[in-house]
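I opened the model and kept notes as I went.

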Amino acid sequence: MTTDPALLRGMTRSRRDALRLFGFAGAGLGLAACGVKGQKAAPPKRNDVQKYWAGKTKHGHLNFANWTLYMDKARTPLKEFTKATGITVTYREVIPDDPQWFGKIAPQLQAGQSIGYDLMVVTNGLEFTKLTELGYLVPLDHSKLPNFAKNAGGPYKQESFDPGNVYSVPYATGLTGIAYDPKKTGREITSIQDLWDPKFKGKVGMMSDPQEIGNFGMFAVGVDPEKSTPDDWKKAAAKLQEQKDKGIVRKYYENDYIDALSRGDVWLTMAWSGDIFQQNLSEGSNLKFVIPQEGATIWTDNMMIPKTADNPVDAIMMMDFFYRPDIAANLAEFINYVTPVPAAKEVIAADAAKATGADKKKLSAIPTSPLVFPSDADYAKLRHYRSLTPAEEKDYNAVFQHITAG
Amino acid sequence: MRRRLVPYLLILPGGLWLAIFFVVPMVVMLSFSLMEGDVVNGFALTWHWQNYTEGISTYADQLVRSLLYGVLATAACILLAYPAAYWIAFRGGVRKTTYLFLMLLPFFVSFVLRTFSWKFLLADDGIVLGPLKSAGLLPQDFHVIATGFAVVAGLTYNYLPFMVLPIYVALERVDPTMVEAAQDLYAGRAQAFLRVVFPLSLPGVFAGVLMTFVPVSADYVNATVLGGTNNTMIGNIIQNLYLVNSDYPEAAALSFTLMAILLVGIFLYARALGTEDVLEVATR
């Protein structure tokens with residue numbers, strides 16, 4: 001009797017899963033006694049990539065989890081992808097923010113179960129660090145990423161949070177700066193200190209995300225967030241506390257600051273660059289976004305494959321597809337965040353030259369917009385998030401959530 | 001023999017359901033509340049009672065505020081719900097069900113959506129406050145959203161039906177001939193209400209309080225959407241500790257603290273009200 005090796009593999013795999021399942025049921029019951037084990041992964045070894053990708057094949061389908069409003073309504077890049085590769089994509093904008101997404105998928109990843117998605121987009125924050133440290137991400141096989149190698153801009157190949165793009169490649173990059181309604185403020189906003197101006201009492205929006213607000217507190221006291229120490233955090237927190245106690249802050253916002261700004265509930269607020277650009281385009285509003293003279297932060301949303309993905313080969317092909325200049329251009333034209341593909345600029349300029357009417361105006365604004373293609377002077381003012389160890393994270397959160405929790 | 005087993009078989013599905021989905025998670029959470037650690041390095045059960053003491057001392061403000069908002073919103077619910085339920089029960093006539101349905105109609109729309117719609121309605125320069133401000137009736141910096149008042153008002157609005165329905169059920173059961181009897185015995189309308197109808201409706205009020213005060217005190221949506229910088233409730237803290245910080249022990253400890261406070265509060269309240277059997281009333 002001959003045995004089909006694939007069948008055998010399948011059987012051993014499912015048996016292993018069944019054992020694991022029993023193990024977890026047991027762990028659940030024994031929890032009261034023994035605690036919960038950490039899942040800290042060993043640093044990736046060189047043959048991990050090979051080991052993971054060996055024998056993996058294309059399945060012709062993939063599930064993609066992304067943030068809201070992060071692709072045009074027609075999903076053009078996905079249609080192009082299906083046309084080019086025959087792979088169909090189920091695309092869902094299910095990620096509200098990093099912490100909630102992490103909270104949702106972590107238990108499934110810990111149990112070794114599929115999260116239902118093969119490709120997801122996560123920012124380079126605390127959650128990204130946790131995902132890598134817990135070994136929840138697939139090490140990328142760069143031989144499958146030719147477009148990335150050819151077209152990704154220099155800085156995007158040496159991100160400090162993932163050197164060598166072991167686990168991730170950027171989807172889009174954005175800035176955290178100040179947005180304001182010039183009609184309400186009555187003057188140009190140029191400095192972080194404007195957020196502390198008593199003239200704007202009750203009309204200033206700050207973000208509730210501990211990293212975002214912490215960074216701005218540090219800019220206000222003249223500290224580079226990436227190089228900050230726990231003492232700096234306390235100084236920054238004191239400055240933020242003063243802003244709160246004086247009643248200058250209206251509220252600590254999640255992503256709803258943009259509505260508050262367009263409704264006039266706040267006049268100036270911490271903001272993400274692309275949001276303001278999109279709001280102006282869709283609502284015809286005249287909000288402004290500024291990189292304050294003290295500095296602003298730059299963050300990167302990254303594509304990655306969860307360890308339990310069912311269709312990793314299809315997912316990595318999708319990743320690489322976003323690095324075709326025409327696809328990157330299409331994406332940037334809609335989302336108006338910084339694209340990691342510099343060559344997209346010429347494609348957009350060419351599109352603008354071809355377009356007519358309102359579209360032309362809209363498209364020709366993009367290649368010159370500092371929000372999509374920041375100048376070197378802008379880049380010089382941009383700072384990165386500080387990476388935090390779990391112990392540091394606890395202290396950091398305690399310091400800044402004390403303010404936002406009110 | 002078989003007959004003796006029947007009651008146990010009947011309780012089996014519900015009992016198992018509760019055991020698996022309520023008792024086990026509770027035990028797990030209780031053990032979490034005594035652990036130490038973080039999500040990367042793991043949590044160890046070290047009987048870390050400081051989770052409780054530190055949690056209470058760090059978040060005392062939010063705990064007190066939640067209970068205060070809970071009391072205020074519940075009281076507002078009673079004041080609004082009682083007359084409405086009374087009117088429907090005694091003056092509703094054949095249209096009673098229609099009126100009840102109208103009461104419930106807004107609740108067919110998602111809870112979060114309804115709360116968000118307040119933000120538009122009551123925006124600083126919105127359709128209500130904008131005209132009043134330009135007419136000079138309100139100072140320019142007046143605002144409703146991002147205040148404690150907005151949070152309590154939102155809580156009241158969102159939990160009102162949970163007060164109306166039990167009070168209505170209690171009042172509906174009051175036999176109108178009892179009121180007539182009271183009047184035959186020379187009670188005025190006010191006397192008849194105070195001495196006959198109101199006491200008979202108290203179990204409904206009690207059930208209503210249970211069904212509003214507990215969820216209101218633990219609510220976090222209203223404070224998120226309608227609150228400002230100093231209106232955070234304990235529900236927000238717990239949600240944040242769970243989902244943002246992955247600090248399960250502290251979150252679990254705070255949850256159990258809140259649960260203990262609410263249980264003690266409810267039993268004291270039952271005592272004070274003189275309700276004989278809390279469970280009997282609560283299950284009506």
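**Loop residues.** I started at A:Leu69, which sits in the loop between strand E2 (61-67) and helix H3 (76-85) of chain A. This is a predicted model. I read a phi near 55 degrees for A:Leu69, positive in a residue other than glycine. Most residues other than glycine have a negative phi.

Next I looked up A:Asn336, in the loop between helix H13 (325-335) and helix H14 (344-354) of chain A. A:Asn336 is not a glycine either, yet its phi is positive, about 60 degrees. I found 25 other C-beta atoms within 10 Å, so A:Asn336 is buried; the cut-off is 20 or more.

**Helix packing.** I then took H8 (residues 210-220) and H17 (residues 390-404), both of chain A. Their axes are 10 Å apart, at an angle of about 85 degrees. H8(A) and H17(A) are therefore roughly perpendicular. H8(A) brings A:Pro210, A:Ile213 and A:Gly214 to the contact. H17(A) brings A:Tyr396, A:Asn397, A:Phe400, A:Gln401 and A:Thr404. I sorted these contact residues into four nonpolar, four polar and no charged.

**Chain contact.** I listed 32 residues of chain B in contact with 30 residues of chain A. Helices H1 (2-32) and H11 (234-243) of chain B each supply at least two residues of the B side, as do strands E1 (35-38) and E2 (42-45). That side has 15 nonpolar, 13 polar and four charged residues.

**Confidence.** For chain A I noted a mean pLDDT of 86, with 89% of its residues at 70 or more. Residues 1-34 of chain A fall below 50. That stretch has 10 contacts in the model beyond near neighbours in sequence.

Conventions:
Residues numbered from 1 in each chain as written. Chains lettered and ligands numbered in written order. Predicted model: local features only at pLDDT ≥ 70, side-chain atom pairs only at ≥ 80, totals over all residues. Axes fitted to C-alpha atoms, helices over the stretch in contact; angles between N-to-C directions. Helix = DSSP H or I, 4+ residues; strand = E, 2+ residues; numbered from the N terminus. Parallel < 35°, antiparallel > 145°, perpendicular 65-115°, else oblique. Contact = placed C-beta atoms within 7 Å. Nonpolar A, V, L, I, M, F, W, Y, C, P; charged D, E, K, R; others polar. pLDDT = per-residue confidence, 0-100. Buried ≥ 20, exposed ≤ 12 C-beta atoms within 10 Å, placed from the backbone.
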